[in-house]
Amino acid sequence: MTQPIRNFAIIAHIDHGKSTLADRLLELTGAVPAREARDQLLDSMDLERERGITIKAHAVRLTYTARDGKPYRMHLIDTPGHVDFSYEVSRSLAACEGALLLIDASQGVEAQTIANAQLAQANGLKLIPVINKIDLPSADPDRCRRQLEELLDIDGDEAILASAKEGLGVPEILEAIVERIPPPADHTDEPLRALIMDSWFDSYQGVIVLVRIVDGQVRTGDRIRFWASGAESAVLELGVFTPKRHSQESLSSGEVGYMVAGVKNLQDAKVGDTVTNADRPAAAARLPGFQDVKPMVYCGFYPSESGQFDELREAVEKLQLNDASFTFEPETSLALGFGFRCGFLGLLHMDIIKERLEREYHIPLICTTPTVNYRIHLTNGEQQWVHNPANFPESQHIEMIEEPVILATISLPEESIGPVLGLCQDRRGVQRDVRYLDRRRAIVRYELPLNEVILDFHDRLKSISHGYASLDYELIGYQAEELVRVDVLLNGERVDALSFITHKGKAYQRGRELVEQMRTLIPKQMFEVAIQAAIGHKVIARETIAAMKKNVTAKCYGGDITRKRKLWEKQKQGKKRMKQVGRIEVPQEAFLALLKAKV
């Protein structure tokens with residue numbers, strides 16, 4: 001290696017200043033000229049800039065001359081902070097030897113701070129704590145130091161005080177990276193083994209992969225083999241991001257860069273796979289890759305125009321290549337036609353994927369109600385996994401239903417504890433413990449059914465805590481509950497896309513709210529429309545949309561009442577016939593009504 005290497009990531013809770021610190025590091029090392037500098041430089045997607053969040057991890061090479069006079073080659077990876085993108089964080093940490101743990105000086109240690117720190121420690125990374133935003137009037141660095149020691153067992157005196165916005169403490173952070181983070185092991189002489197950290201599809205060059213070279217060296221023109229699929233191809237281009245794409249002839253052990261090999265089949269280059277040299281394959285075992293993540297939230301995606309199904313298939317395949325935590329499988333709905341049942345890590349993850357499909361691939365989508373994966377024990381002794389309410393077995397065949405349960409860690413101000421405990425109790429939560437960090441903040445842990453969290457729990461939490469509470473969660477198992485499927489009927493016909501699964505005690509309330517909302521969303525027809533919510537054959541709520549009225553007796557200016565009665569009866573029979581053959585068009589807003597329902 002010509003220059004010493006340091007590989008590090010920036011991890012933190014959402015909105016603690018990761019992207020701003022990355023901007024200052026780019027400026028201070030001269031990676032970006034002053035005329036090209038802008039806020040959130042590494043956040044390349046419009047969605048990231050609009051929402052002010054990092055969705056994808058971004059790798060960039062920096063060159064820094066330290067105070068000892070030596071030039072260092074640094075690979076920085078800016079990671080997301082939201083719990084729904086924790087898989088991006090885990091992939092980034094696999095390519096690093098150290099991480100900057102960023103903490104907001106006014107907010108302190110929050111839920112995702114703890115989760116990301118524990119993830120980094122589990123990967124054996126050296127953590128450098130950085131207390132950011134010390135320029136704020138409400139900053140309290142001493143409290144942050146105490147929280148580091150109490151919650152994460154990290155010496156508070158090691159923390160660097162900084163303000164990424166003002167540039168304070170950034171030179172000290174660069175020096176700490178050089179001094180505290182160990183260099184990667186030099187295995188340049190060994191056969192090639194490279195870990196695929198990320199991949200994306202280019203219309204002209206095919207699949208482009210981002211790799212961390214663990215052993216050996218790869219050069220332009222080498223023939224490589226993908227370990228899982230066995231596919232072979234020649235390396236057409238190698239390079240790094242500085243942050244602009246910069247090609248070079250080779251990548252060696254310890255480096256992070258991109259590789260173009262003319263791969264057209266999306267399944268050949270999977271994230272987490274190992275790349276080796278086809279002519280001199282590695283005798284060592286395949287690299288461990290990443291922990292498989294299972295989707296926690298499921299939702300149906302259907303194209304608004306049925307003719308766009310093939311376009312949607314291509315789009316989700318390309319998007320899955322870029323986001324391995326996103327899964328999909330084909331499904332059919334009587335109401336919506338052909339589509340896909342997609343799996344996500346959370347509701348924000350679902351929202352981002354939907355936005356990307358609509359923006360990047362120009363496919364308007366209809367989304368069904370989010371749901372989770374249930375384990376159903378049947379009366380014949382078999383087990384069945386169901387995440388689509390339309391596939392829910394009939395009640396007479398069900399012995400027991402188990403739903404996923406999470407352990408939620410909520411960091412919140414002391415004055416919000418009462419309302420937050422009330423919210424968790426209302427969502428069928430079981431309290432684990434409450435820890436007071438100091439006079440201002442506390443951490444509450446609750447066991448909660450995931451089904452109660454995926455809809456509007458996060459919004460309600462932010463509302464009652466005035467935006468100061470934060471949430472992190474992990475799946476801890478399944479528990480048996482009294483759950484039922486609520487169907488929506490329009491004039492006696494079930495609309496499968498609107499069915500949902502809920503706790504028996506909340507079925508009436510949610511069914512009542514849904515039919516009331518649908519009554520306002522479905523336009524009037526020439527005939528009466530009955531909207532019903534039912535559990536099996538039992539109707540639990542009903543609303544009626546009155547038919548459009550026409551004054552058929554307007555032409556009668558007198559005479560016997562029987563003339564009017566004949567016209568009314570004739571109109572009544574006509575509406576009855578229309579009701580038997582008429583088809584109700586359900587607008588897209590009706591499918592979003594469940595998302596807006598307040599439980």
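I looked up what covers the buried residues of α1, and the cover includes β1 (5–12), β2 (58–65), β3 (71–78), β4 (98–104) and α6 (170–180). Contact means heavy atoms within 4.5 Å; buried means under 20% relative accessible area, exposed over 50%, and partly exposed in between (1.4 Å probe, protein chains only). Helices (H or I, at least four residues) and strands (E, at least two) are DSSP runs, numbered from the N terminus.

The model is predicted: local features need pLDDT of at least 70, side-chain atom pairs count only at pLDDT 80 or more, and totals for chains, interfaces and linings use all residues. Residues are numbered from 1 along each chain as its sequence is written, and side-chain values use heavy atoms, with hydrogens and water left out.

I then checked α1 (residues 18–28) itself: eight of its 11 residues are buried, so the helix is largely enclosed by the rest of the structure. I listed the buried residues as K18, S19, L21, A22, D23, R24, L25 and L26. After α1 comes G30, with a positive phi near 75°.

Next I turned to D153, which I found in the loop between α5 (141–152) and β6 (160–161). D153 counts as exposed because its relative accessibility is 70%.

Finally I located T332 in strand β18 (residues 327–333). T332 is exposed, with a relative accessible area of 56%. Beyond its neighbours within four places in sequence, I noted contacts of T332 with Y302, G337 and F338. The C-alpha atoms of T332 and D496 lie 10.0 Å apart, although 164 residues separate them along the chain.
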